[in-house]
Amino acid sequence: MDITASRVVDVTRVVRAAAANALADFRATYTWYSWTFGWLGRMLCQVTFFALIGSFLHSAEQTRYLVLGNSVATCVIEAMTVVVSTSWERAHGTLALLAAAPSEMGWVFVGRSLQWPVSGCGTSLVALLVLDPLFGVHFAAAQVPVLVLLVVLTAFGTYGFGLFLGAFVLAAPAVRNIVYNAAFLVTMAISGVQVPTSYWPFGVRLVAEALPATHGLAAVRALADGASPAAITRPALYAAVTGVLWLTAALTAFRLSAQRARRHDGYEFAV
């Protein structure tokens with residue numbers, strides 16, 4: 001087995017083990033009942049709230065725009081929860097051990113909070129396929145597999161962005177909730193959820209272009225409008241590329257944090 005293949009195997013093993021912890025955390029956080037009638041119900045109410053704004057404006061176009069945008073945004077909100085959960089390791093006192101371990105710390109965190117984008121995909125798809133038809137947005141059966149792929153790209157691309165922020169929150173866990181709320185609210189504001197990205201000045205649009213959610217949502221809108229495959233594929237590729245870039249940046253940030261902690265004998269990761 002060559003070095004590259006061996007590294008892939010090691011990374012897969014680390015992510016799989018960390019994901020098992022993520023699943024255990026999710027089971028400890030939710031039961032099927034609390035997830036369905038607590039979290040999912042809350043998100044569907046939020047989507048309905050924004051969709052009703054379009055209805056009160058007596059605009060089918062605005063209603064369609066808002067219900068689609070906010071349905072996709074539910075996976076963004078949940079994927080960004082990684083900003084908060086990343087700091088849990090510090091509270092548990094395990095960061096020094098992770099920094100000292102031979103495996104790369106960043107991959108541990110990649111798997112450690114996978115419950116959020118996975119759950120977010122489920123929330124978003126329920127909103128898109130069950131709630132949105134009540135407001136006039138329908139997806140044909142043949143479009144559903146593409147829709148699932150686009151939601152997955154959006155959720156996991158956003159997850160990479162959240163991991164990057166989480167790497168910095170490790171050094172200042174007291175601000176984790178502030179960073180989390182600011183991050184998903186800014187994303188919702190500028191990525192085309194509530195208003196088109198063209199509404200914003202050039203500098204803000206430039207920031208929006210760096211967010212996977214902007215491109216993932218654009219692809220979902222194109223799919224809902226029955227656009228050509230090329231019009232759907234282009235933003236989907238942008239969502240994938242920006243997601244990979246944010247993941248790479250997150251892994252680099254975790255690597256630097258671990259190196260710094262090792263130089264200080266783990267002192268920076270002390271509880």
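In what order do the elements of the protein chain run from the N terminus on? They run α-α-α-α-α-α-α-α-α-α-α-α-α, and the secondary structure comes to 13 helices and zero strands. Helices here are DSSP runs of H or I with at least four residues, strands are runs of E with at least two, and both are numbered from the N terminus.

This is a predicted model, in which local features need pLDDT of at least 70, side-chain atom pairs count only at pLDDT 80 or more, and totals for chains, interfaces and linings use all residues. Residues are numbered from 1 along each chain as its sequence is written, and side-chain values use heavy atoms, with hydrogens and water left out.

**Core**

Buried residues make up 48% of the 271 residues in the protein chain. Buried means under 20% relative accessible area, exposed means over 50%, and partly exposed lies in between (1.4 Å probe, protein chains only). In soluble globular proteins, nonpolar side chains tend to be buried together. The largest nonpolar core has 72 residues, and helix α9 gives the most to this core, with 10 residues. A nonpolar core is a set of buried Ala, Val, Leu, Ile, Met, Phe, Trp, Tyr and Cys residues joined through side-chain atoms within 4.5 Å. L147 and V220 are among the residues with the most contacts inside this core. Leaving aside neighbours within four places in sequence, L147 is in contact (heavy atoms within 4.5 Å) with L125, L128, L129, F139, V220 and L223.

**Helix α12**

V220 and L223 are among the buried residues of α12. In this helix, 12 of the 13 residues are buried. The expected span of a helix is 1.5 Å times one less than its number of residues. For α12, residues 212-224, that gives 18 Å, and the end C-alpha atoms are 18 Å apart, which agrees. After α12 comes G226, whose phi is positive, near 70°.

**Partly exposed residues**

| Residue | Relative accessible area |
|---|---|
| V152 | 31% |
| A172 | 33% |

V152 is found in helix α9, and A172 has its place in the loop between α9 and α10. In sequence, A172 and S87 are 85 residues apart, while their C-alpha atoms are 8.7 Å apart in space.
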